[in-house]
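The sequence and structure are shown first, and the description follows.

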Amino acid sequence: MKGAILYELGQVPKFGEIAEPVVQQEGQHLLRVTAAAVKNLDKARVSGKHYASYVDLPAVVGVDLPAVVGNDGVGYLEDGTKVYGQGITGMIAEKAIISGNYTPVPKNLDDAKAAALPNAILGSAMPLIIRARLQEGQNVLFNGATGVTGQVGVQIAKHYGAKEIIVTGRNQAVLEQLKGYGATQTLVLPENEEELTAQIQAIHQQTPIDVVIDYLWGKPFQAILNAFKGNDIHHLASTVKIVTAGDMAGKEIQLTSAILRSTDIQLMGSGFGSLTKEELIVFNKVILPEMFLLAAQGKLHIQTEVHPLEAIEQVWNKPMDPGTRLVITL
C-alpha cells in the first residue's frame, strides 16, 4: 500500500510503498483511511524530540523503521461505517489498524474537517470540561487563542455557556475573527510584561476570570499569573482555575510562593499524561461525538488546507496560515 513513510528520525516522511498492516488481536479493526491531519504532535514524534517516548505509544514510529507516520485519522471500516480512530499503526496511509475505541463520524461531515477536529478538541474541550470543569456563566480567558486549538476552544466555551470569553494573541486579524466565534474581549499581547499584567488585572476587576486555558506558557503566562496575585491582607480571594495546554512561548516560568499564598489559584495541566483512561473514553464516546455533530450542523468551524498523500514530502513543513490545520487525503 502507499503511505507517508519515515525512514529515519528527524527526516521528512516520504511518499512510498509499504506492506499493508494486518489485524493481530481481537478488538482491532482494519480502516481504509481517507483523511489524516498533520499536527505539531506528529511532527514532534517524527523529530524524535517529543516528551512522550515512542516505545510507550501505540504508533511506534522510530522503533522499527521504516514506518508509516500519523497518529489518528478518519476512514471506513470493512462494513462501510465512517469513523475517527487513533492508530495502532501509522495513519497517513491507505490502510491502518485501529482499536475498538473509535468514534463514528456523521456521513455529512467532510472527512478532512473530521480528521482535523479531534486534536483541537482534545486540546480545548478536555482542559475546559474535564480539567477546569467549566460551568455555565463562568468567565474564561484563552491565552494564545489564535491557533487551531484556541479557535476551536473559543467555540466550545461558547457552546457550554461561558459568559465572558477573553482571548489573547499576536495576530489582530485572527483575534477579530474570534469575535464571530464567541469571543467577547480581545487583547493583542504587548511586548511589555508589566503592561499585560495591568491589562489582565483591569479585566479581572471588571469581569472576574474563573478559568484560564493557556497555550503559551513562558513570559506571557508569567505576566498573567502575576495579575492574579493579591496585594494586601484585605484581598478577597476568588478561585481561578488555570490549565496549561501548551508552551509555545517558552518552557519555563518563575512561580513564587507569594502568588499561590495570596489568592486561590488552582494550577494544573492537560495532556495525555494528565488524563485518565476513563477520561479519554469520555472524550471518544461522549465529547467527540457531540462536537462532530456540531460541526456537521455548521456550528463548529475549523480551517483546513488539504493536500494529497503524494505531496507529503513537499507539504510536511509547509507554513500554514494562522489557525489552519494541514490535512492529507487519500
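Helices, taken as H or I with at least four residues, and strands are DSSP runs numbered from the N terminus. The model described here is predicted.

Helix 1 spans residues 40-47, and within it Leu41, Asp42, Arg45 and Val46 are buried. These residues cover an arc of only 135° around the axis, so they lie on the same side of helix 1. The elements that cover the buried residues of helix 1 include strand 1, strand 3 (29-38) and helix 2. After helix 1 comes Gly48, which has a positive phi near 85°.

Strand 3, one of the elements covering helix 1, is itself mostly covered, as eight of its 10 residues are buried.

| Partner of strand 3 | Sense | Bridges | Residue pair |
|---|---|---|---|
| Strand 7 (residues 95-98) | antiparallel | four | Leu31 and Ala96 |
| Strand 5 (residues 72-76) | antiparallel | three | Val33 and Gly75 |
| Strand 16 (residues 324-329) | antiparallel | four | Ala36 and Ile328 |

Strand 1 comprises residues 2-6 and pairs with strand 2 in the antiparallel sense over four bridges. In this pairing, Ala4 stands opposite Phe15 of strand 2.

Pro66 belongs to the loop between helix 1 and strand 4. Its relative accessible area is 42%, so Pro66 is partly exposed. When neighbours within four places in sequence are left aside, Pro66 is in contact with Ile5, Leu6, Tyr7 and Ile18. Pro66 and Val23 are separated by 43 residues in sequence, and their C-alpha atoms are 19 Å apart in space.

**Helix 2 against helix 4**

At what angle do helix 2 and helix 4 pack? Helix 2 (residues 111-122) packs with helix 4 (residues 148-159) at about 75°, and their axes are 8 Å apart. Helix 2 is therefore roughly perpendicular to helix 4, a description that applies to angles of 65 to 115 degrees. Helix 2 contributes Leu117, Ala120 and Ile121 to the contact, while helix 4 contributes Val148, Thr149, Val152 and Ile156. Classified by residue type, this contact has six nonpolar residues, one polar residue and no charged residues.

Ser124 is located in the loop between helix 2 and helix 3 (125-131). Is Ser124 buried or exposed? With a relative accessible area of 0%, Ser124 is buried. Apart from neighbours within four places in sequence, the residues in contact with Ser124 are Thr149, Val152, Gly153, Ile156 and Tyr215. Among these, Thr149, Val152 and Ile156 also take part in the contact of helix 4 with helix 2.

Most residues other than glycine have a negative phi.

Arg133 is not a glycine, yet its phi is positive, at about 50°. This residue is in the loop between helix 3 and strand 9 (140-143). Arg133 has a relative accessible area of 51% and is therefore exposed, the cut-off for that class being over 50%.

Trp217 also has a positive phi, of about 60°, although it is not a glycine. The loop that holds Trp217 runs between strand 12 (211-214) and helix 7 (218-227). Is Trp217 buried or exposed? Its relative accessible area is 15%, so Trp217 is buried, a class that requires a value under 20%. Thus Trp217 is buried, whereas Arg133 is exposed.

Methods:
Residues numbered from 1 in each chain as written. Predicted model: local features only at pLDDT ≥ 70, side-chain atom pairs only at ≥ 80, totals over all residues. Heavy atoms only, no water. Pairing = 2+ DSSP bridges. Helix = DSSP H or I, 4+ residues; strand = E, 2+ residues; numbered from the N terminus. Axes fitted to C-alpha atoms, helices over the stretch in contact; angles between N-to-C directions. Parallel < 35°, antiparallel > 145°, perpendicular 65-115°, else oblique. Contact = heavy atoms within 4.5 Å. Nonpolar A, V, L, I, M, F, W, Y, C, P; charged D, E, K, R; others polar. Buried < 20%, exposed > 50% of the residue type's maximum accessible area, 1.4 Å probe, protein only. Arc of directions from axis to C-beta.
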